[in-house]
Amino acid sequence: MLKVAIMGHGTVGSGVYDVFAQNAAQIAKAVGEEVEVKYVLDLRDFSKLSYADKFVTDFSVIENDPEVCVVAEVMGGVGAAYEFSKRCLKAGKSVCTSNKELVAVHGEELLALAKEHNVNYLFEASVGGGIPLIRPMMQCLAANQIEEICGILNGTTNYILSQMIHNSVAFDDALRQAQKMGYAENDPTADIEGHDACRKICILSDLAFGDKIDPDEVSCQGISGITLDDVAAASELGYVIKLIGRAKRTESGKIFAFVAPHLVPKTSPLACVEDVFNGILVTGNMVGEVMFYGQGAGKHATASAVVADMMDAIAHREKRRPVEWGDGSQKLLLPIDQLESAWYVRGEVPAELAAKTVAGAALTVPMTAAELREKLPQAEGAMRVL
């Protein structure tokens, strides 16, 4: 019987245990042997649970147990989760995680450690929750050069925007609804200001383009400034507003990566992605455009992806799965002000620009984002057009 451990017993961690408990027979059939959760690491009291005897508060118990071959890191953050993940890898244990912040910031180092110790560091659940995305990119699309990744990567912001678009709910009220329903944290900053989506597009960029992209260097704009006036104006022009994470290869091989609210044409498949669902378009130079759609978060949806990674790590105990990216030395990321794109701007238009535009149409005057901000300092709303 194979032994595994879970670090963290929050929403996702408890979901991981549920998956192992409820689908034990299916998991055993897939990996060829029964799999038992031997330990669950958490400092809190879970003495009333039926599996209370599995809980430990000392990480070294997991670290020093040679029976444990794979560990799920579902603690979150970059403190203990980072330290414990390193120690697991050094101890010869594969690590599977849903921790997008840790992967985006320290993924390069942890992948290098996994390679050094001939184990696996897998993170399918870190980007699309329960949506199979990373593995298809590495395997099914491996024969392609990835040209662009573009998608709705955060379910909380998509829920808020869906409420604004379809029910005319103001941003603050929609946010409160999201918090009441458990879609948003008490401190929703990471979601509504785009940081969560930024970490995810960095992970996807690292994999697609082969160089580490630092989240701190990626342009990131959230949705807290979006108003019902913006939503109504967009609709009149045939668009809906979505928070989009994008990474795009240029002819030079350099890339742009950014997160920002976009006007998305109502004819786009991304316009139909509603509520807490995610939708990601990946464009390959041979396959063209492929779309991935599903629940980007949720207890069991995310847990299913973590357990699938753990099963994959078990299958690759002898020969690790080759997952790695660059160290950032290629400097592929271009400054966002060099990106040419269409913009939607709402506000008072200076006379010299008003003479060059038609009502309901985009300005045709080429300018950088910095120039746009300089020429339209009183703009009430400004966002890119997909």
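Helices (H or I, at least four residues) and strands (E, at least two) are DSSP runs, numbered here from the N terminus. The structure is a predicted model, in which local features need pLDDT of at least 70 and side-chain atom pairs count only at pLDDT 80 or more, while totals for chains, interfaces and linings use all residues. Residues are numbered from 1 along each chain as its sequence is written, and side-chain values use heavy atoms, with hydrogens and water left out.

The side chain of Arg246 is joined to that of Glu148 by a polar contact of 2.9 Å, and to that of His262 by another polar contact, of 3.5 Å. A polar contact is a pair of N or O atoms within 3.5 Å; within protein, one must be able to donate a hydrogen and the other to accept it, and residues adjacent in sequence count only if both atoms are side-chain atoms. When residues up to four places away in sequence are not counted, Arg246 touches Glu148, Ile149, Cys150, Ile201, Phe256, Ala257, Phe258, His262 and Leu386, contact being defined as heavy atoms within 4.5 Å.

## Salt bridges

Side chains of opposite charge can pair when their charged atoms come close. With a salt bridge taken as a side-chain nitrogen of Lys or Arg within 4 Å of a carboxyl oxygen of Asp or Glu, the count comes to 18 salt bridges.

| Pair | N to O distance | Relative accessibility |
|---|---|---|
| Glu36 and Lys54 | 3.2 Å | Glu36 23%; Lys54 14% |
| Lys38 and Asp65 | 2.8 Å | Lys38 23%; Asp65 8% |
| Lys200 and Asp196 | 3.0 Å | Lys200 5%; Asp196 7% |

The salt bridge between Glu36 and Lys54 links distant parts of the chain, with Glu36 in strand β2 (residues 35-41) and Lys54 in the loop between β2 and β3 (55-56), 18 residues apart. Glu36 is partly exposed, whereas Lys54 counts as buried. Lys38 and Asp65 also meet in a salt bridge; Lys38 lies in strand β2 and Asp65 in the loop between α3 (59-63) and β4 (68-73), so this pair ties together parts that are 27 residues apart in sequence. In the salt bridge of Lys200 with Asp196, both residues lie in helix α11 (residues 195-209), four residues apart, about one turn of the helix. Elsewhere, a network of salt bridges links Glu124, Arg135, Asp309, Asp312 and Arg321.

## Helix α8

Helix α8 (residues 155-167) has 13 residues and reaches 17 Å from its first C-alpha to its last, close to the 18 Å expected at 1.5 Å a residue, the expected span being 1.5 Å times one less than the number of residues. The helix is mostly covered, since 10 of its 13 residues are buried, among them Tyr159, Ile160, Leu161 and Met164. The elements that cover these buried residues include β7 (146-152), α9 (171-180), α10 (189-192), α12 (228-236), β9 (239-249) and β11 (277-284). At the N-terminal end, α8 is capped by Asn154, a side-chain oxygen of which lies 3.1 Å from the backbone nitrogen of Thr156. After α8 comes Ser168, whose phi is positive, near 55 degrees.

## Nonpolar cores and cysteines

In soluble globular proteins, nonpolar side chains tend to be buried together. A nonpolar core is here a set of buried Ala, Val, Leu, Ile, Met, Phe, Trp, Tyr and Cys residues joined through side-chain atoms within 4.5 Å. Of the 108 residues in the largest such core, Val16, Phe20, Ile62, Tyr121, Phe123, Ile160 and Met310 touch the most other members, and α11 gives the most to this core, with nine residues. A second, separate core of nine residues includes Cys150, Ile152, Leu270 and Val273.

With a disulfide defined as a pair of cysteine sulfur atoms within 2.5 Å, the count comes to zero disulfides. The sulfur of Cys88 is 11 Å from the closest cysteine sulfur, in Cys96, which is too far for a bond, and Cys88 is buried, with a relative accessible area of 0%. Cys272, by contrast, is exposed at 54%, and its sulfur is 14 Å from the closest cysteine sulfur, in Cys150, again too far for a bond.

Definitions and conventions: Buried means under 20% relative accessible area, exposed over 50%, partly exposed in between (1.4 Å probe, protein chains only).
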